[in-house]
Amino acid sequence: MMKKTDKNCCFDLILGQKFNKRFLIMSSLLIGGGMTTHGFASGLTSHGKVEVVSLIKTRSVQQTPIKGVVKDAATGQGITGVSVKVKGSSNGTSTDENGVFTIQGKVGDVLIISYIGYKSTEVAVSSKADLAISLSGSEDALEEVVVTGYSAQRKKDLTGAVAVVNVKELKTTPAASAVEALQGRATGVQIVVDGAPGSTPQIKIRGYSTINNNEPLYIIDGVPYEGKLSWLNQNDIETMQVLKDASAASIYGSRANNGVVIITTKIGKSGKPQFSLDSYYGVQVPNSGRFPKMLSPQQTLDIENRLDGTNNVMPDYLIAGPKVGGKDVITAADVDMSKYKYDASSRSDFYQITKANKAGTNWFDALSQNAPTQSHQLSVLGGGEDASYAISGGYLKQKGTIIHTGFEKYNLRSNTRFSAFNNKLRFGENMQYSFTEGFGMGVNTNTAGDYIGEGSALGFAYRIHNIIPVYDEGGNFAGSVGGQYGNGENPVAIAYRAKDNKNKSNMFFGNVFGEFDIVSGLTFRSSFGMKYENYNGVSYTYPNPEFTEGSFNNGINEFFGLNKYDTPYLLDNFLLN
């Protein structure tokens, strides 16, 4: 049956029948005065339920074919394949080989005209006359210049797999290096950060291609570079592209086997000097919720008793001089602090008293800390008609989430450009100097995760028994001496004794270049690049008598040298068109 519900001629069509499949109902009812109604309904299988379809009365307006032609504003030629769509509807078409189109519409409709490489435009239909529409070239993202090697191309001309990084988003990430800030910014690029201050993140562009080096090749202002990138400030980056497919090897050879990251730095702009200050302060907080959950000392003892068929009890003391808890009987006289002697010269003079931590030591919590990070960068850009400059200086200080670790970086960059002979001759330089200093264990290493092996502080945090406390009864480091509880070394002691270890580096990187336009469309370019790094450091060895395999030795190790790159100097000469 059909029931009228209001004076606006809305109807409810009540269908009291069972449907066994999806259905579509369309009703066209002549109401008078040229009015029609269209109702649509869809439903699933209904078991005795009533299905309701609403029919809403609408005013019908006659549509007519609208014709027109779309031409290039510069050449006057018709454009093939232009999208023509009625705004607010799904009605659309495209132009033919002559730029002509026909679409159903009415006077008052607005047509949206769009095509790749041209600015989209909207045209209102004011009459039934044929439309003549002109499209102007667009300077949008498809015209963005992408550096792909010795040349630069527009995005729409690219045939290889290239990821263009949004540098503005890159700078919003408080990171110690540009590679670390790249995380999540480019599709198909994986960044593995180990969290150490000043460390080198792993970057994987096409996964693991070898059991050895999987790091990409960096091209910074035209100069190839392989190695850690902690010396480069991401605030100095103007553009960054990642060449992901194997075609990069045709430009850079076998070094590009793992992909190529191409970086260009900021250059000056004509006009008054523009000063910019970027600064941030933050705190890195260890994710303690993901620390491993270890068995308590009592749970460990219960498992050992069940496996060995014993009934041992937890000792009150782990060690008192030569006596070991759980194996020897330790008396009150043995734990007399007058016998305590940690600062000994030999094992025979060493007397340590360590109480058992029956609640269990959380070694990961003892080894970690909240780590403040701060960064400040001051830059100035400017220039005139024949010269431009970009100068910047920065400072970064980062503490590590592992205790007694940290990293500092000072950087200075200068980019200048000059031109002569009506801009036919251009020359300039891109120079960077960075001083980095890391202190503590495993900072500023050349290999990501180089310090988290089995014998590292983090490795021993897994290995050492948690019945062992951090400190003994005399306030010095406790450990596994005695051998009753394995051979794990106190990880807090490892980190503390490495706090004075330092690793310093001076890095010079850049190039000078010249370009000359021989004829229109043909340019000769010559570039001389340089990469030079000297480094020095010091590490100390302290006695660790609380460790089962420890010693009473002191030592100091100093090192210095130059990083010997395969090509410390690079001279390029080529023609561009």
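Residues count as buried under 20% relative accessible area. F552, with a relative accessible area of 17%, is therefore buried. The legends below describe close-up views of a predicted model.

**View 1. An edge-to-face aromatic pair joins F350 and F552**. F350 belongs to the loop between β23 (323–324) and β24 (353–355), whereas F552 belongs to the loop between β30 (522–541) and β31 (555–562). The pair thus links distant parts of the chain, 202 residues apart. F350 counts as buried because its relative accessibility is 8%.

**View 2. Y225, W231 and F509 are linked into a cluster by ring pairs**. The search of the whole structure finds 18 aromatic pairs. Among them is that of Y225 and W231, which is edge-to-face because the planes stand at 80 degrees, with the ring centres 5.4 Å apart. Y225 is buried at 2% relative accessibility, and W231 is buried at 3%.

**View 3. Strands β8, β5 and β11 form an open sheet of mixed pairing**. The strand order is β8-β5-β11. β8 and β11 (131–135) are the edge strands, each pairing on one side only. From one strand to the next, the twist averages 35 degrees. β5 (residues 64–72) and β8 run antiparallel and are joined by six bridges. Within this pairing, G68 stands opposite F101 of β8, and V69 stands opposite V100 of β8. In a regular strand, side chains alternate between the two faces of the sheet. In β8 (residues 100–105), the covered face consists of F101, I103 and G105, while V100, T102 and Q104 make up the uncovered face.

**View 4. Strand β9 pairs with β6** **and with β10**. The pairing of β6 (residues 83–86) with β9 is antiparallel and extends over four bridges. K85 has I112 of β9 as its bridge partner. Four bridges also join β9 to β10 (residues 121–124), and these two strands run antiparallel. Here the bridge partner of L111 is V123 in β10. L111 and I113 form the covered face of β9 (residues 110–114), and V110, I112 and S114 form the uncovered face.

**View 5. The largest nonpolar core has 35 residues**. The residues with the most contacts inside this core are L318, W363, L367, I467, I468 and V492. Two or more residues are given to the core by each of β22 (317–320), α5 (363–367), α6 (457–463) and α7 (491–497). The most is given by α7, with four residues. Leaving aside residues up to four places away in sequence, L367 touches T401, I402, I403, A457, L458, A461, P491, V492 and A495. A second, separate core has 22 residues, including L182, V189, I203 and V223.

**View 6. The side chain of N258 approaches the backbone oxygen of E215**. A polar atom of the N258 side chain lies 3.1 Å from that oxygen of E215. N258 is placed in the loop between α3 (249–252) and β20 (260–265). N258 is buried because its relative accessible area is 10%.

Terms used:
Residues are numbered from 1 along each chain as its sequence is written. This is a predicted model: local features need pLDDT of at least 70, side-chain atom pairs count only at pLDDT 80 or more; totals for chains, interfaces and linings use all residues. Side-chain values use heavy atoms; hydrogens and water are left out. Buried means under 20% relative accessible area, exposed over 50%, partly exposed in between (1.4 Å probe, protein chains only). Two strands pair if DSSP finds at least two bridges between them. A polar contact is a pair of N or O atoms within 3.5 Å; within protein, one must be able to donate a hydrogen and the other to accept it, and residues adjacent in sequence count only if both atoms are side-chain atoms. Axes are lines fitted to C-alpha atoms, for helices over the stretch in contact, and angles run from 0 to 180 degrees between N-to-C directions. A nonpolar core is a set of buried Ala, Val, Leu, Ile, Met, Phe, Trp, Tyr and Cys residues joined through side-chain atoms within 4.5 Å. Contact means heavy atoms within 4.5 Å. Rings of Phe, Tyr and Trp (its six-membered ring) pair if their centres lie within 6.5 Å; planes under 30 degrees apart count as stacked, over 60 as edge-to-face and the rest as tilted.
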